[in-house]
Amino acid sequence: MLDIVLSDNIESIGPEVWNTLCGTDYPFLRYEFLHALEHSGSVGKGTGWLPLHLTLKKGDTTLAVMPLYLKQHSYGEYVFDWAWADAYARYGLDYYPKLVTSIPFTPAYGPRIGSQLPLEQIIPAIKEAIPQIAERFDASSWHGLFAPTDTIEGFADDHFMRRLGSQYHWCNQDYRDFDHFLERFSSRKRKNLRKERKKVIEQGVTLKTFVGSEITDTLLHRFYHFYQITYLKRGRKGYLTPEFFTRLRDTMPDQLVLVAAFKGDDAVAGALSLRSESTLYGRYWGCLEEYDSLHFETCYYQGIEYCIREGLKRFDPGAQGEHKIQRGFEPIETWSVHWIKEAGFQEPITRFLAEEEEMMREQIAELTTWLPFKQE
């Protein structure tokens, strides 16, 4: 018999169990990443993200783990369901709390379940448990965000609904260097991109890449200042605390990459990424003041150069931003899966998702024609 156990902190599960099941290559499902969020206060009481991590056990043996949060809002998810919450409110129903399986503040697709058994043996037990967990915590729904195709297919049925989204990723075609990558561009697009890179140099800005322990406390503190400025420009405070970034640097240094922009000896901007063996994940950016084209250079072009240099196959620069397409980032599909407790909302949401998927596929096809590459 399989038992479902919920834990209100990942520390009670422990790094050995968690990382044995999830591995350590995909950085966002690592124990160290999720523990840093909790230990730093970036999630937990007062944040609207309450951990309820799920373990699937047989006796004393843990067979699978899955991050799970009880949410009081929809911030930090990047799969937008505000309209669903509004519809609930119009009918006098509470949409929050809801259950979410995702990586907080991280719209990067990747594994969401760590298991020692094939997913087809694990997912049915989790699907059966979700309505029970929702009933226990009076949650309206469950949402599995940015999950891989095998997970989506395992969940999808008449009660668990799929949702299509898109992002823009760069793919390494065994490029020798950045100029080799630009050979794929049409002449005009190639010239425009080179102009952007030249503008950064002409403004006296230089860039340097730091990895892991090369990121000093001083540089990390400076970067955190940039990160907060990015949010303050939008009238709010950044979700993540200084301790979160320090713990990442100290507990998983080989997966942390910081591109810093300097004006003389002073750091004026920075982009912090995480990496796996095959992929660079652009995550956090900020600057003191605006420099022409510096965002593109720091967040995109330096990342592409790093991927080519390190032999990484993919660069996921983060959510949204159609401007990425003109710089060689291609539209790709992302998926989420959703369970809604209230029967009266299941049919209209299912219909909405079908219409949205049709429009999304048309949009992806259209955006693909915007790519800067020469006609094959």
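Which residue in β6 is the bridge partner of Leu70?

Author: The model is a predicted one. In β6, Leu70 has Leu99 as its bridge partner. Strand β5 covers residues 69–71 and strand β6 covers residues 98–101. The two strands run antiparallel and are joined by three bridges.

Now step out to the whole sheet. Strands β5 and β6 sit in an open sheet of eleven strands. Its order is β2-β5-β6-β8-β15-β9-β14-β13-β12-β11-β10. The pairing is mixed. The edges are β2 (49–51) and β10 (205–211). Each of these has a single partner strand, so one side of each lacks a neighbour in the sheet. On average, neighbouring strands of this sheet are turned by 30 degrees against each other, direction ignored. In general, strands of a sheet pair through backbone hydrogen bonds, either parallel or antiparallel.

There is also an open sheet of four strands, in the order β1-β3-β4-β7. Here the pairing is antiparallel. Strands β1 (3–7) and β7 (114–115) stand at the edges. Each has a single partner strand, so one side of each is left without a neighbour in the sheet. Strand β3 (residues 53–58) pairs with strand β4 (residues 61–66) over five bridges, in the antiparallel sense. Leu54 stands opposite Met66 in β4. Helix α1 (residues 15–22) packs on this sheet and touches β3, β4 and β7. The direction of α1 makes about 70 degrees with that of β4.

Next, the helix pairs. The axes of α2 (residues 31–39) and α9 (residues 242–251) come within 9 Å. They cross at roughly 150 degrees. Angles over 145 degrees count as roughly antiparallel, so α2 is roughly antiparallel to α9. The crossing of α2 and α9 is right-handed. From α2, the contact residues are Glu32, Phe33, His35, Ala36, Leu37 and His39. From α9, they are Glu243, Phe244, Arg247, Leu248 and Thr251. By class, this contact of α2 with α9 has five nonpolar, three polar and three charged residues.

Helices α7 (residues 187–202) and α10 (residues 294–310) have axes that come within 10 Å and cross at roughly 110 degrees. That makes α7 roughly perpendicular to α10. The crossing of α7 and α10 is left-handed. Helix α7 contributes Leu193, Glu196, Arg197 and Val200 to the contact. Helix α10 contributes Leu294, Phe296, Glu297, Tyr301, Gln302 and Glu305. The contact of α7 with α10 divides into five nonpolar, one polar and four charged residues.

Key
Residues numbered from 1 in each chain as written. Predicted model: local features only at pLDDT ≥ 70, side-chain atom pairs only at ≥ 80, totals over all residues. Heavy atoms only, no water. Pairing = 2+ DSSP bridges. Axes fitted to C-alpha atoms, helices over the stretch in contact; angles between N-to-C directions. Parallel < 35°, antiparallel > 145°, perpendicular 65-115°, else oblique. Left-handed = near helix turned anticlockwise from the far one by under 90°. Contact = heavy atoms within 4.5 Å. Nonpolar A, V, L, I, M, F, W, Y, C, P; charged D, E, K, R; others polar.
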